[in-house]
Amino acid sequence: MNIPKELKYTASHEWARVEPDGTVSIGITDHAQEQLGDIVFVEAPKAGRKVAAGEAVGVVESVKAASDIYAPVAGEIVAGNDALADSPEQVNADAYGSWMYRIKPDNAADLDKLLDAAAYEKLASE
Amino acid sequence: MLKTTPLNAVHREAGARMVDFGGWDMPVNYGSQVEEHHAVRRDAGIFDVSHMRVVDLEGGGVREFLRFALANDVAKLALPGKALYSCLLNDAGGVIDDLIAYHFRDDFFRLVVNAGTAEGDIQWLHSLNALAGHGVSIRPREDLAMVAVQGPNAREKFWRAFDETKPATEALGLFQAARLGDDIMVARTGYTGEDGFEVVFPASDAESIWRSVVGQGVRPCGLGARDTLRLEAGMNLYGQDMDAAVSPLDAGLAWTVDLKAPRPFFGRKALEARGQQQDFLGLVLVDKGGVLRAHQKVLAEGGEGEITSGTFSPTLGVSIALARLPRGTAPGATVRVVVRDRELAARVVKPPFVRNGQSLVG
């Protein structure tokens, strides 16, 4: 399973990367894209939206199913990756290169509650 | 405990993603569902459909029995090998199953029925047999397996693998089958909208037949591609587009209900009394904003309808669906589909969407 050590993860199969400016990039894991199959639609949230931890903020649809993307922490959406709307298959090709949105956490310490690579690997292989 | 086909180990060896499909452990894809789909539209693919059940019916009264049991009329099947698509109806005119009936001899017909409904179908046939009194022998053939080889190059590649079958199968027309010995049947039928064969053979030969066909460059395809292919081809899926509570007239299957002869087939009275209440048509999503899926609500001029099957069409690059719509909704109309919290515009079309690799919906 492809689970980079330097990222954080959620039980709902998102990955999170803390950027130098303190914002956090969010995408779906390689395991998630593999489960979904060929992805044909990505809807990222709009910048400026305030969201709660665990809130559904976007949608990924494959040929076979639709799946929500959640916010791992409370905060404000600072960017959505609109490029994915035109090339959703990019998520299958490179899940960790395909960030869907960036969030500015209300409280940076909330990130500590996310799963590390080892914990996510255990969860994903169950 | 899931049921398995004789090809289960072959699928696993090929790295298939397996799913529970109506109690059967079946391959949904071998990597990319979309690439498998394209292989069938452009070249050739092979599907394991051994979960479907072959039921052989024998006896002097078998034709009369089927004229009573089926909504389509097997009287049309004059030549040996000709096949007919039909629904099996309950007394309320709802669809118990859809099937293909093959005529081999006047005392021998074969049905191929869906996996999930097979046990119920067989019980139903037994009770109709008792009712009709033709003394037909009903023999489910769990000893047989079945593959579908589909695509523009499917027949050519199948013949390359089994050239001895070519003389007997070359001249087969659409919806026609040949029997090669007692237990092998090659039929020019399918569920993809492409040319090809469905091949029935002893379960013990499944692995070698599969490997021989794949050895000719025919791509293994899972149930995922099978679903997008059949939807593009405008073919119904039992349990999704119709079931025991739905009349074939409301599922776009009026063409399979033969009311010409004064033939008292089971379910006819209820069907005629109720008539057609809804139109069953295709939708092509116009707006961006998601993928059409089963059970989404459709807002049309004459009222509300519902999507029964929806997906993203790999051939057309847009989302398509089959839907039950208010009576009077016509191809060309624009309707709105409720996708999550939005209403998206969709164009009403007459299925199929794709046939023989070509778009039919512009």
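Author: Strand β3 of chain A, residues 24–28, is mostly covered, since four of its five residues are buried. A residue is called buried if 20 or more other C-beta atoms lie within 10 Å of its own, exposed if 12 or fewer do, and partly exposed in between, with the C-beta atoms placed from the backbone. Strands are DSSP runs of E of at least two residues, helices are runs of H or I of at least four, and both are numbered from the N terminus. This is a predicted model, in which local features need pLDDT of at least 70 and side-chain atom pairs count only at pLDDT 80 or more, while totals for chains, interfaces and linings use all residues. Residues are numbered from 1 along each chain as its sequence is written, and chains are lettered from A and ligands numbered from 1 in the order in which they are written.

The partners of β3(A) come next. Two strands are said to pair if DSSP finds at least two bridges between them. Five bridges join β3(A) to β2(A), and these two strands run antiparallel; in this pairing A:Ile28 of β3(A) stands opposite A:Glu14. The two strands form a hairpin with five residues between them, and A:Gly22 in its turn has a positive phi of about 90°. On β9(A), residues 101–105, three bridges reach β3(A), again in an antiparallel arrangement. There, A:Arg102 is the bridge partner of A:Ser25.

A residue in a neighbouring loop also deserves attention. A:His13 is found between β1 (8–9) and β2 (14–18) of chain A. Its phi is near 70°, a positive value in a residue other than glycine. A:His13 counts as buried because it has 23 C-beta neighbours inside 10 Å.

The next topic is the contact between the chains. Two residues are in contact if their C-beta atoms, placed from the backbone, lie within 7 Å. Nine residues of chain A and eleven of chain B take part. On the side of chain B that touches chain A, α2 (33–42), α8 (223–232) and β16 each supply at least two residues. By class, that side has three nonpolar, seven polar and one charged residues; Ala, Val, Leu, Ile, Met, Phe, Trp, Tyr, Cys and Pro count as nonpolar, Asp, Glu, Lys and Arg as charged, and the others, Gly among them, as polar.

Strand β16 of chain B, residues 303–313, also holds B:Gly310. This glycine counts as buried because 25 C-beta neighbours lie inside 10 Å. Leaving aside residues up to four places away in sequence, B:Gly310 touches B:Val291, B:Leu292, B:Arg293, B:Ala294, B:Gln296, B:Ser319 and B:Ala321. From B:Arg141 it is 169 residues away in sequence and 33 Å away in space, C-alpha to C-alpha.

Chain B as a whole has nine helices and 21 strands. Its radius of gyration is 20 Å, close to the 21 Å that the globule rule gives for 362 residues, so the chain is as compact as a globular protein of that length; the radius is taken over C-alpha atoms, and the rule is 2.2 Å times the number of residues to the power 0.38. The C-alpha trace spans about 55 × 50 × 40 Å along its principal axes, and 48% of the 362 residues count as buried.

Strands β6 (residues 95–105) and β7 (residues 108–113) of chain B are joined by five bridges and run antiparallel; B:Arg110 in β7(B) is the bridge partner of B:Tyr102.
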